Amino acid sequence: MSDSSPLPPVRLHPEAELARAALSTPLLSRAARLARWAGPDTRVDAGGGLAEDQLAAAAELLGLSGDDAAAYASEAWRVAVDAGLVEITDEEAGTVAAGEELALLTGGSPHDVLAVWLAALETVIADAGVPDLDGLVDALDEGGEIDFSSLDWDPEAESEFLDGVLGNLYLLTVSEDGSGEGPVPLPALAASMIVPSDMDEPTNDVLEQVSDAMMRLDDQFRLLEPIGLVDYDPVDEALMADADEEPAAPVDDTDVSRYGMVRLTPLGAFGLRARLLEAGFDAPAVGELADKGADALLDATARFGQSAARAETEQWLAQREPLASARELLSAARGADAGAPLRRLRCQQALSLVGPEAEPALRAVLGDPELGGLARVWLSERGAADVPPPSQDLVFWLTIDTVAAQLRAEGNSEELQALVEGLAAQHGGFFAAAWRVDHPDTADVLEAMGRLHPDKRVAKEARKAAFKARSQQTG
């Protein structure tokens with residue numbers, strides 16, 4: 001992902017709801033319990049980890065049992081330390097006390113709780129990028145340093161890989177045409193990082209890399225689930241069995257869920273957006289513009305998909321009186337710059353959500369060459385009386401402006417192609433008149449119509465009209 005272009009806007013749940021979800025995550029709740037349990041007799045090792053002879057008691061406190069109980073208790077303690085729930089008071093003696101952040105979990109605001117959770121999340125994501133600890137121990141050289149070359153592990157590359165996967169999961173979750181709140185198959189996530197975009201058919205080598213990436217991600221998502229970032233259905237153990245072993249039960253190789261399914265939780269969407277913002281990405285959230293002016297609303301939603309733009313606009317309108325909001329929107333929609341057509345389209349869409357109280361604002365711009373067309377559309381759709389018919393010049397100007405907006409919003413889409421075909425069919429002399437329209441985008445629109453229209457004769461007419469329009473602009 002590039003950090004120069006904005007990401008799709010995410011619809012975040014209310015902070016209070018997210019804070020409750022954070023407090024109920026298994027890992028943060030375990031960390032909080034250990035922080036409250038820690039006292040004068042609690043000791044830590046040189047790295048801040050809970051002393052080995054106290055792990056059993058910590059595991060028992062957390063209700064953990066089995067071979068991994070001590071490891072889970074150690075992980076929870078590490079989160080408690082990193083998130084500020086526990087403070088090491090004397091490194092040499094290895095003593096601890098409750099950290100300042102612990103009180104925030106019960107007495108702080110939702111924002112405070114989420115800040116603690118974000119600190120815990122960073123610890124877990126960092127841990128998820130570390131290979132099996134047994135390999136680390138084997139890789140220690142004589143000087144006590146880790147020989148990363150013997151591990152075949154590049155910490156920076158591993159971190160970038162996981163960040164890239166989480167970024168793609170975020171995109172698939174928040175984009176207009178993404179999976180929304182549904183689960184994403186693990187093979188699709190792995191392939192998004194491995195398979196080149198211009199590769200039609202993956203080679204065997206690439207498929208093997210995807211398979212290896214899936215196994216890494218399976219381990220990583222198992223670690224990320226307890227902090228509430230994702231809901232994860234892991235890879236079916238039968239798929240990882242040796243080829244010569246008989247499966248315990250018949251398996252369906254076509255069932256994609258057996259290869260792992262991951263879903264970003266609402267809390268996870270909040271967390272990944274916070275990390276993206278910290279990394280310098282433009283990661284908007286629906287509702288951020290509610291207290292901004294109409295100019296900011298129209299400029300920002302020009303980059304949004306249709307659904308997100310409507311949701312943002314509804315929140316903006318909810319805080320304003322209909323007549324005042326209509327006047328502000330119309331004022332912000334004016335202009336001859338490159339973004340103006342799309343601003344006017346978003347203005348028209350916003351005004352469709354405004355009630356009849358806004359009528360005086362629309363009537364006031366009937367004579368405006370840039371706004372008179374959309375004002376007539378709004379009034380006519382509501383059955384208003386005494387709406388003056390538009391002049392032919394206004395009709396053509398509005399047509400060019402609308403197509404220019406659609407080009408910027410959607411590019412050469414099927415919907416735009418259908419619009420172009422309809423315009424050419426309804427107006428036999430469209431191109432003969434359209435090239436004369438005094439609009440800064442006339443030539444570009446006619447060139448686009450020449451590209452998009454499937455009829456070669458009509459396309460040629462459009463290109464000729466575009467040439468005349470450009471000659472007129474430069475002459």
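Author: Before the strands, one term: two strands pair if DSSP finds at least two bridges between them. Also, this is a predicted model.

Reader: OK. How many bridges join β3 to β5?
Author: Two. Strand β3 covers residues 184–185 and β5 covers residues 261–264, and they run antiparallel.

Reader: Which residue in β5 stands opposite Val 184?
Author: Val 262.

Reader: And β4 with β5, in what sense do they pair?
Author: Antiparallel, over four bridges. Strand β4 is residues 230–233. Its Val 230 stands opposite Leu 264 in β5.

Reader: Switching to the core. Which residues touch the most other members of the largest nonpolar core?
Author: Leu 85, Tyr 170, Phe 221, Leu 224, Leu 229 and Val 230. The core has 73 residues. Helix α6, residues 110–128, gives the largest share, nine residues.

Reader: What is Tyr 170 in contact with, leaving aside neighbours within four places in sequence?
Author: Leu 7, Val 10, Leu 264, Ala 269, Leu 272, Arg 273, Leu 276 and Ala 283.

Reader: Which ones are buried?
Author: Thr 442, Ala 443, Val 445, Leu 446, Ala 448, Met 449, Gly 450 and Leu 452.

Reader: What do the buried residues of α22 pack against?
Author: Four helices: α19 (392–410), α20 (414–426), α21 (430–434) and α23 (456–474).

Key:
Residues are numbered from 1 along each chain as its sequence is written. This is a predicted model: local features need pLDDT of at least 70, side-chain atom pairs count only at pLDDT 80 or more; totals for chains, interfaces and linings use all residues. Side-chain values use heavy atoms; hydrogens and water are left out. Buried means under 20% relative accessible area, exposed over 50%, partly exposed in between (1.4 Å probe, protein chains only). Contact means heavy atoms within 4.5 Å. A nonpolar core is a set of buried Ala, Val, Leu, Ile, Met, Phe, Trp, Tyr and Cys residues joined through side-chain atoms within 4.5 Å.
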